[in-house]
Amino acid sequence: MRTLIKNGTVLNADATTRADVLVDGETIAMLGTDLEVAADRRIDAADKWVIPGAIDVHTHMELPFGGTFAKDTFETGTRAAAFGGTTTIIDFAVQPRGGSLRQGLDAWMEKAEGNACIDYGFHMIVSDVRDDVLSEMDTLVEEGVTTFKLFTAYPGVFLSDDGAIFRALQQSTRNGGLIMMHAENGLAIDVVANQNATTGNTDPYFHGTSRSPIMEAEATNRVIRLAEVAGAPVYIVHLSSRHALNEVRRARDEGLPAFAETCPQYLFLSLDDLGNGFEGSKFVCSPPLRPADHQEDLWLGLVKDDLQVVSTDHCPFDFHGQKELGRGDFRKIPNGLPGVEDRVDLLHHGGPAAGRMTPNRWVEVISAAPARMFGLPQKGAVAVGLDADLVIYDPNRRRTISAKTHHMDVDYSCYEGLEVTGGADVVLSRGKIIVDGDEWLGERGDGRFLRRQRSGAFLR
Ligand SMILES: [Zn+2]
């Protein structure tokens, strides 16, 4: 099957070109002006952009959390992702405490295989650092699971102490893996959260105020310094505050290989959203939403490359029946927000459409940097020989975000009623058209497991 995409503007992280794109089978075969070659079908992309399929490096499909499960399965979550222009996700497999990394990886492979509609890879959440687990990390790197997430938050569930984190960082210098950190001081946060709950401050709003941005900055600096001593790069996930950003910037100005992502919720939503009684539970995630004045600092961080990636931390729970588990006690609200479908448009809307960043920088943070940093050289650019993961993107389309029309399997949207500029018209995954306007043409099981290379975090 050959597909010719005519008259579009090819938008890569490093260049904008008027070019036609020939897709042959699963890869991009030719790029050129006025290509006239035989093809089985043609797509007219006049007035549209042709961008590399977006890559979301932080999702949690079917994650068990707080006695329930994140609602999207690998099927529903990846289909929703595709409607939003995302053609690759990297999800998190979880090591059971006391068990092996292998057990966790096998369990998540089983959830995804035959169900995912787009390509997927895995990071490994390390819940329990032991000698045998450290050597298992080496094996996983060889198998294409090259990134490992540890936590300074969630005592008793995911929290690793500084010694364990340091050992994992040291191991990553030997095996070429990359350590990703959820950086918040979970022990101190729990003290404040418990004080709030016992004095009657039980509304979702107090989830936000229990988790000071200083507690995020402290843990961010701590893990960066542990990485510095270990001689390892480190990647901070879901950075939410000016305070933590300042720590990453300081480290980068010192020349350290410290990297960070933020998420759309920290760029568009704020502590105020947590304030509306129990409705605020729809916005409970960790780190929490911050006062609105943090948002412009994060946008600036993205523009100046102190933040390299935008991912979603997609982890949806229904308001009815799931978020409601925390009625009367914010500590019991499942943490997480839906977002995998909306990231590309939100970032376009607040980025190039709002004049905050160039279209090329937008492609960098949603696709090119994720591909480079997470070892996916066949993705992240519109270039000959790479996978034909392509989005025909209409920068002028307007749509209103709503739970009534989104494809995520969750009963609310954090952005209900927001009108955004920009939208994916046609989405190709390895050469196959999977989304055409409102029509779904993909299939469950089309997605393949991606064996990733060692992280390119050191490569700029
Ligand atoms: Zn997460």
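**Group meeting: a walk through a predicted zinc-site model**

Hi everyone, let's begin with a sheet: four strands form an open sheet in the order β5-β4-β1-β6, and the pairing is mixed. Its edge strands are β5 (27-32) and β6 (41-44), each of which pairs on one side only. On average, neighbouring strands here are turned by 20 degrees against each other, direction ignored; axes are lines fitted to C-alpha atoms, for helices over the stretch in contact, with angles from 0 to 180 degrees between N-to-C directions.

Some housekeeping for the computational folks. This is a predicted model, where local features need pLDDT of at least 70 and side-chain atom pairs count only at pLDDT 80 or more, while totals for chains, interfaces and linings use all residues. Residues are numbered from 1 along each chain as its sequence is written, and side-chain values use heavy atoms, with hydrogens and water left out.

Two strands pair if DSSP finds at least two bridges between them.

Back to that sheet. β4 (residues 20-24) and β5 run antiparallel and are joined by five bridges, with D20 standing opposite G32 in β5. They make a hairpin with two residues between the strands, and G25 in the turn has a positive phi of about 65 degrees. Strand β1 (residues 2-6), by contrast, pairs with β6 in the parallel sense over four bridges, and T3 stands opposite R41 in β6.

Now the metal. Which protein residues are the donors of the zinc ion? They are H58 (NE2), H60 (NE2) and D313 (OD), at 2.0 to 2.3 Å from the zinc ion. A donor here is an N, O or S atom within 2.8 Å of the metal (3.2 Å for Na, K and Ca), and water is not among the atoms, so sites may look incomplete. In sequence, the spacing of the donor residues is H-x1-H-x252-D.

Are H58 and H60 buried or exposed? Both are buried, where buried means under 20% relative accessible area, exposed over 50%, and partly exposed in between (1.4 Å probe, protein chains only). D313 sits in the loop between β17 and α11, and it counts as buried because its relative accessibility is 10%. Its phi is near 55 degrees, a positive value in a residue other than glycine.

E62 gives us another positive phi, near 55 degrees, again in a residue other than glycine. You'll find E62 in the loop between β8 (54-59) and β9 (64-65), and at 18% relative accessibility it counts as buried. For context, most residues other than glycine have a negative phi, and most peptide bonds are trans. On the peptide side, S286 and P287 are joined by a cis bond, with omega about -5 degrees, and P287 lies in the loop between α9 and α10.

That brings us to helix α10 (residues 295-303). Its buried residues are Q295, L298, W299, G301 and L302. They cover an arc of only 155 degrees around the axis, so they lie on the same side of α10; the arc is that of the directions from the helix axis to the C-beta atoms. What covers them includes α8 (242-253), β16 (258-262) and α12 (359-373), with contact meaning heavy atoms within 4.5 Å. After α10 comes D305, with a positive phi near 70 degrees.

Next, strand β14 (residues 178-182), where five of five residues are buried. Both faces are covered, with L178, M180 and H182 on one side and I179 and M181 on the other. β14 runs parallel to β13 (residues 147-151), joined by five bridges. From β13 the chain crosses through helix α4 (residues 162-175) to β14 in a right-handed β-α-β crossover; right-handed means that, with the strands pointing away from the viewer, the path from the first strand over the helix to the second runs clockwise. β14 also runs parallel to β15 (residues 234-236), through three bridges.

Last stop: A80, in helix α1 (residues 74-83). A80 is buried, at a relative accessible area of 0%. Leaving out residues up to four places away in sequence, A80 touches V340, E341, H407 and M408. A80 and H407 are 327 residues apart in sequence, yet 4.8 Å apart in space, C-alpha to C-alpha. Thanks, everyone!
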